Amino acid sequence: MSFENIEKGSGTRHKAREAALQMLFAHDMDGSPCPVLTDNYWNELGDSTHDDKTREFANKLSCGTIKNISEIDEIIRIRAEHWRIERMAIVDRNVLRLAVFEMYFHDTPDTVALNEALEIARKFSTYEATQFINGLLDSIKQDHEKSVDSSNDKAPQVSTTSSAK
């Protein structure tokens with residue numbers, strides 16, 4: 001069996017992330033609430049070959065990002081020195097938002113969220129924007145990893161040794 005013919009980024013989750021990005025783009029344009037946004041997307045624009053699992057994951061990503069958009073934008077703003085989010089290209093800011101949602105509000109490993117964001121940026125944006133997204137997400141990833149590490153340090157430690165009394 002040859003793996004040469006498998007399209008890069010052809011997995012169900014990757015396809016769902018692309019659909020979620022397109023929904024976030026549409027939300028940026030018209031501000032539709034999530035149920036309307038997802039219905040319109042799948043009825044008018046979405047790939048009819050996507051299975052229910054792909055659709056469900058895409059909806060979860062887009063609606064979760066929209067629900068947490070203020071917090072996500074603040075996380076981006078802290079690291080986007082000299083860049084206002086509303087001045088970023090719509091695709092680029094939504095690639096960032098989607099990745100930050102996955103890092104902070106979903107169980108996706110940070111490295112996976114970053115790598116997926118870069119794959120999507122390469123497809124939907126420019127080379128320069130992909131470099132910008134990479135630098136920004138790498139800083140955000142480091143911040144997130146530090147915050148996770150520090151919260152783990154504050155967690156109560158459970159002894160694994162038993163005492164015989």
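The largest cavity is lined by Arg17, Val95, Leu98, Ala99, Glu102, Ala113, Glu116, Ala117 and Ile120. Two or more of these lining residues come from each of helix 5 (90-105) and helix 6 (110-124); helices are DSSP runs of H or I with at least four residues, numbered from the N terminus. By class, the lining holds six nonpolar, no polar and three charged residues, where Ala, Val, Leu, Ile, Met, Phe, Trp, Tyr, Cys and Pro count as nonpolar, Asp, Glu, Lys and Arg as charged, and the others, Gly among them, as polar.

The model is predicted: local features need pLDDT of at least 70 and side-chain atom pairs count only at pLDDT 80 or more, while totals for chains, interfaces and linings use all residues. Residues are numbered from 1 along each chain as its sequence is written, and side-chain values use heavy atoms, with hydrogens and water left out.

The whole structure contains one cavity of 30 Å³ or more, and the largest cavity holds about 40 Å³ of space. A cavity is a set of points on a 1 Å grid over the protein atoms alone where a 1.4 Å probe fits but cannot get out, and lining residues have an atom within 4 Å of a point. Grid points are joined across faces, edges and corners, and the volume is the space filled by probe spheres set on the points.

## Aromatic contacts

The count of aromatic pairs is three, a pair being rings of Phe, Tyr or Trp (its six-membered ring) with centres within 6.5 Å; planes under 30 degrees apart are stacked, over 60 edge-to-face and the rest tilted. One of them joins Tyr41 and Trp42 edge-to-face, at 4.8 Å centre to centre and 80 degrees between the planes. Tyr41 is buried at 5% relative accessibility, and Trp42 is buried at 10% (buried is under 20% relative accessible area, exposed over 50%, partly exposed in between, with a 1.4 Å probe and protein chains only).

Phe101 and Phe105 form a stacked pair, because their ring centres are 6.0 Å apart and their planes at 10 degrees. These two residues are four apart in helix 5, so about one helical turn separates them. Phe101 is buried at 5%, whereas Phe105 is partly exposed at 32%.

## Disulfide

There is one disulfide, defined as a pair of cysteine sulfur atoms within 2.5 Å. The sulfur atoms of Cys34 and Cys63 lie 1.5 Å apart. The disulfide is left-handed, because its S-S torsion is about -80 degrees. Cys34 lies in helix 2 (residues 34-45) and Cys63 in helix 3 (residues 52-67), so the bond ties together parts 29 residues apart in sequence.

Notes. On a 1 Å grid over the protein atoms alone, a cavity is a set of points where a 1.4 Å probe fits but cannot get out, and a pocket is an open set with protein on both sides within 12 Å along at least five of seven lines; lining residues have an atom within 4 Å of a point.
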